[in-house]
Amino acid sequence: MQYRKLGATGLNVSRLCFGALTIGPLQRNLSLAQGAGLIRLAIDMGINFIDTAESYHCYPYIREALKNCPARVNIASKSYAYTRDGMEKSLFDALSALERESIEIFLLHEQESYHTIKGHQAALDYLVSARARGLVRAVGISTHCVAGVRAAASVPEIEVIHPIINLQGIGIQDGSREEMLEAIAFAAAMGKGIYGMKCLGGGHLIPDADQAMEFVLSLPELAAVAVGMQSPEEILYNVARFAGQTPSPAIIPALAALPRRLHIEDWCRGCGQCVKRCSAGALRIKDERAVVDEARCRLCSYCAAVCSDFCIKII
């Protein structure tokens, strides 16, 4: 496993970060033993960085995986809280659930621009005070927006930025892949620690996984990339790719056999654009949100290209 310094935080993180969302109740909903076992396998293979969030409900998996674990593991979590009291509760809930006295990184979740960051100023100020007390090592934001990256790059209190970036620019809400790359380069020049997300475009780039991973690994500004992993085979494959090695051919059949399905997030607004784009007739609007007929869905991912809210994923 390769490791990089995360900006000026002093943290040394594995280039492959374990994205916990996919094992939790919002997606795969693995048992505690299964999810913790996957995280522990990842740690044993050299991954020392886990990305999670309050809304993922994955703290129990991480706590269980870290029991009697000799390795020092960096955890990044996120909260939508925008008040001081709300962020204080989010942080202490995380520390309690993880059975930790401190956490390495805490982020404002899904910031869109300078205006949303200012709207969360009280929460950010609390995180800065928590950092001074040793409860948090570094603070920052996650974002799907070019404007969010650019805004955070100019905020001195923010040390870490977690942006979406992938080969096709899937999920970037306010610009192109090239514009996001320019924003990331600017943020890195400003000394921010950057780790990417959604390198496989929410699962839509799985058919082109090798090319997609080569793309993100070619970006020198990214200290790490968070990748959701739901099976031992995925961990073995991704660890090899991020270590610059060729994955064992023996795991390819198992990867190909893993079931996949289209997943639509709860925040879908029911705009209907995906329904218009789906030539298979697999999508419809019901109760003001999109629903999928899995018998008709071809997993072609064409619907993802027209979802401005990045609600549609393949898991």
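Visitor: Why is R177 called partly exposed?

Guide: Buried means under 20% relative accessible area, exposed over 50%, and partly exposed in between (1.4 Å probe, protein chains only). R177 has a relative accessible area of 23%, so R177 is partly exposed. This is a predicted model, in which local features need pLDDT of at least 70 and side-chain atom pairs count only at pLDDT 80 or more, while totals for chains, interfaces and linings use all residues. Residues are numbered from 1 along each chain as its sequence is written, and side-chain values use heavy atoms, with hydrogens and water left out.

Visitor: What makes R177 and E178 a salt bridge?

Guide: The term asks for a side-chain nitrogen of Lys or Arg within 4 Å of a carboxyl oxygen of Asp or Glu. In R177 and E178 the closest N and O atoms are 3.1 Å apart, and the pair forms a salt bridge. E178 has a relative accessible area of 41%, so E178 is partly exposed.

Visitor: How many salt bridges does a search of the whole structure find?

Guide: The search finds 13. One of the pairs is E64 with K67, whose closest N and O atoms are 3.2 Å apart. E64 counts as partly exposed because its relative accessibility is 30%. K67 is partly exposed too, with a relative accessible area of 43%.

Visitor: What makes D293 and R296 a salt bridge?

Guide: Their side chains meet at 3.9 Å, N to O. D293 is at 35% relative accessibility and therefore counts as partly exposed. Elsewhere, R72, R100 and E104 are linked in a network of salt bridges.

Visitor: Why can such side chains pair at all?

Guide: Side chains of opposite charge can pair when their charged atoms come close.

Visitor: How many disulfides does the structure hold?

Guide: A disulfide is a pair of cysteine sulfur atoms within 2.5 Å, and the structure holds zero. C271 is in no disulfide, as the nearest cysteine sulfur, that of C274, is 6.1 Å away. C271 is at 46% relative accessibility, so C271 counts as partly exposed.
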